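Work through the exercises below with the structure open beside you. Try each task before you read its solution.

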Amino acid sequence: MNRLILNLLLVLVASPAAANTVVTFGPGSAVSTIDRTATFDSLPDPAVDLATYSEALLNIRTPASAISDWPFGGPAGSGWWYPRGGFGLYDSWSQNLDLIETSDGKRMIGIEILFTVGALAETNFVWETYRNSKLIGSASF
Amino acid sequence: MTPQPGTVVGWLDNSGIDELHVGTFVDMSNGSWRDNGLAISTLNVDLKGRAVPAPSTAFLVGTALFGIGLVYWWRVRRS
């Protein structure tokens, strides 16, 4: 009995809970403490290449060269990250996805995007997450 | 669920994420899809490995006393 209790304690201490990436909806659903924020207030005037864009120690980049644009004719300086056109020029979705990472190598546990695409009734997402260069989650919705 | 404009979409992984690759597309009514540039108004990030406040001395002393009491109780019970 004592050995059983000891083994249970060892299992609880030694193995952190396994977790997969989950998609959440709503403010605070994935980010309980905001450590970094990108507001894109300096975009899109003047337009810049979003293939190399960084803000607040966050890299937010397109897979290929894509100039920032005003979403659906919105005013300049309205604080949007939006590449002109859609995906890049590659063959698969996986190759065309935009990248979000920290620029100093710090690992993230929560990421939240506020998107407000007024001209579209609904938008579908496709995504992948990586840890140590290994795919740890992917889906579309 | 297909997100509506103004929705906050999040990704949560307590083990940590190094990179998020994400894109958007529009599902057409005829079964095909059309690619669509991702538009972000605000991006918020929660980092892993934030400093955890050290437990108070009172908590540590209390835990130690509880452990000693538990051992004492166990020995008395066995004898």
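**Exercise 1. Find the strand of chain A that holds Asn124(A), then decide whether Asn124(A) is buried or exposed.**

Step 1. Go to strand 7 of chain A, residues 124–131; Asn124(A) belongs to this strand.
Step 2. Bear in mind that the model is predicted.
Step 3. Read the relative accessibility of Asn124(A): 8%.
Step 4. The cut-off for buried is under 20%. Asn124(A) is therefore buried.
Step 5. Look at the side chain of Asn124(A). One of its polar atoms lies 3.4 Å from the backbone oxygen of Phe141(A).

**Exercise 2. Describe how strand 5 of chain A is covered and where its residues point.**

Step 1. Locate strand 5 of chain A at residues 98–102.
Step 2. Count its buried residues: 5 of 5, so by the under-20% cut-off the strand is mostly covered.
Step 3. Sort the residues by direction. Asp98(A), Ile100(A) and Thr102(A) point one way. Leu99(A) and Glu101(A) point the other way.

**Exercise 3. Which strands pair with strand 5 of chain A, and in what sense?**

Step 1. Start within chain A. Strand 4, residues 58–61, pairs with strand 5 in the antiparallel sense, over 4 bridges.
Step 2. Pick out one bridge here: Asn59(A) has Glu101(A) as its partner.
Step 3. Now cross to chain B. Strand 2 of chain B, residues 19–27, runs antiparallel to strand 5 of chain A, and 3 bridges join them.
Step 4. Find a facing pair: Val22(B), in strand 2 of chain B, stands opposite Asp98(A).

**Exercise 4. Summarise chain B.**

Step 1. Count the elements: 1 helix and 4 strands.
Step 2. Check burial. Of the 79 residues in chain B, 35% count as buried.
Step 3. Check the surface. Chain B has about 4,900 Å² of accessible surface, and carbon and sulfur atoms account for 62% of that.
Step 4. Check confidence. The mean pLDDT of chain B is 81, and 81% of its residues reach 70 or more. The model itself scores ipTM 0.80 and pTM 0.73.

Note on methods
Residues are numbered from 1 along each chain as its sequence is written. Chains are lettered from A and ligands numbered from 1 in the order in which they are written. This is a predicted model: local features need pLDDT of at least 70, side-chain atom pairs count only at pLDDT 80 or more; totals for chains, interfaces and linings use all residues. Side-chain values use heavy atoms; hydrogens and water are left out. pLDDT is the predictor's confidence in each residue, from 0 to 100. Helices (H or I, at least four residues) and strands (E, at least two) are DSSP runs, numbered from the N terminus. Buried means under 20% relative accessible area, exposed over 50%, partly exposed in between (1.4 Å probe, protein chains only). A polar contact is a pair of N or O atoms within 3.5 Å; within protein, one must be able to donate a hydrogen and the other to accept it, and residues adjacent in sequence count only if both atoms are side-chain atoms. Two strands pair if DSSP finds at least two bridges between them. Accessible areas come from the Shrake-Rupley method with a 1.4 Å probe; for residues, only the protein chains shown count as cover.
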